[in-house]
Amino acid sequence: MMRYSILLFVLALLVVSCKPDTPSNVEVKDDGNTVITKADPDAPAFVPSDLPLPNACQLVTRDEIGRLMNIDGGDIEVKDGSAGSDHSKACFFKWVGQRPNAGILIQVQKNPVGDEFPGWATSFVESKRTMGESDFTGGSENFKYKDLEGLGDDGAYSYEMGKYFWRTGNDYVYMLAFNEDMSASKQLSVAKQFGKIIMDNVSK
């Protein structure tokens, strides 16, 4: 049985592609002003706002997805979810046929608050472990993320949420999300393989 319905997954796509996540120590006031509630004295230099964002739809190919997910690459549909945001790009890869509701979401984010909070990426990943995240069903359960090793400079993941985050310096935060029925060990293994492919394609 799918962990999440396709409706909720597409809703998640729209949310993450149009509005970047805000870390726990950044508060957005009603007037739109951003306030940093806890400074990071070890934060690296400011990340320029013109830092280019990789195209999320080009970070993996249909054939690579097909090989890792054991499906026909020709059955994969690609939906760009990047419209409406200057700080994130997202892409939803959906496959049809025997598993019509299955898919993965890839997202790339950069610092949405600029020189007000240069350590945003570091704090964002850390907050997944310390603060956790609730699912989209409206339940009260909060899922704390675990360390994700081997990708970027730091990473965190939650099998329950089906999400994997990692950062490269304080430049980018990458996310891979699954809408597929997989065991915890299988999902982690496949996520790391996808992560390596993504990083290899970014460096080209």
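**Figure 1. Helix α3 is mostly covered, with eight of its 11 residues buried.** Buried denotes under 20% relative accessible area, exposed over 50% and partly exposed the range in between, with a 1.4 Å probe and protein chains only. The model is predicted: local features require pLDDT of at least 70 and side-chain atom pairs pLDDT 80 or more, whereas totals for chains, interfaces and linings use all residues. Residues are numbered from 1 along each chain as its sequence is written, and side-chain values use heavy atoms, with hydrogens and water left out. Helices (H or I, at least four residues) and strands (E, at least two) are DSSP runs numbered from the N terminus. The buried residues of α3 are Trp120, Ala121, Ser123, Phe124, Val125, Ser127, Lys128 and Arg129. They pack against β5, β6 (133-134), β8, β9, β10 and β11, a contact being heavy atoms within 4.5 Å. Gly132, with a positive phi near 75°, follows α3.

**Figure 2. An open sheet is formed by seven strands in the order β3-β4-β5-β11-β10-β9-β8, with antiparallel pairing.** Two strands are taken as paired if DSSP finds at least two bridges between them. Strands β9 (residues 154-158) and β10 (residues 163-168) pair in the antiparallel sense over five bridges. Tyr157 has Tyr164 as its bridge partner in β10.

**Figure 3. Helices α2 and α3 in relation to the sheet.** Helix α2 (residues 62-69) lies across β3, β4 (88-95), β5 (102-110) and β11 (172-179), and runs at about 125° to β3. Helix α3 (residues 120-130) packs on the sheet and touches β5, β8, β9, β10 and β11, its direction making about 35° with that of β9. Axes are lines fitted to C-alpha atoms, for helices over the stretch in contact, and angles run from 0 to 180 degrees between N-to-C directions.

**Figure 4. Aromatic pairs, of which the whole structure holds eight.** Trp120 and Phe124 form a tilted pair, at 5.4 Å centre to centre and 40° between the planes. Rings of Phe, Tyr and Trp (its six-membered ring) pair if their centres lie within 6.5 Å; planes under 30 degrees apart count as stacked, over 60 as edge-to-face and the rest as tilted. Trp120 and Phe124 are four residues apart in helix α3, and are therefore separated by about one helical turn. Trp120 and Phe124 are both buried. The rings of Tyr164 and Phe178 have centres 5.8 Å apart and planes at 85°, so this pair is edge-to-face. Because Tyr164 lies in strand β10 and Phe178 in strand β11, the pair ties together parts 14 residues apart in sequence. Tyr164 counts as buried at 1% relative accessibility, and Phe178 is buried with a relative accessible area of 2%. One aromatic cluster is formed by Trp120, Phe124, Tyr145 and Phe165.

**Figure 5. Segments with pLDDT below 50 include residues 28-41.** The pLDDT, the predictor's confidence in each residue from 0 to 100, averages 80 over the chain, and 73% of the residues score at least 70. Over residues 28-41 the pLDDT is below 50, and this stretch has 19 contacts in the model beyond near neighbours in sequence. Residues 43-47 also stay under 50, with 11 contacts beyond four places in sequence. Where pLDDT is low, the predicted coordinates should not be read in detail.
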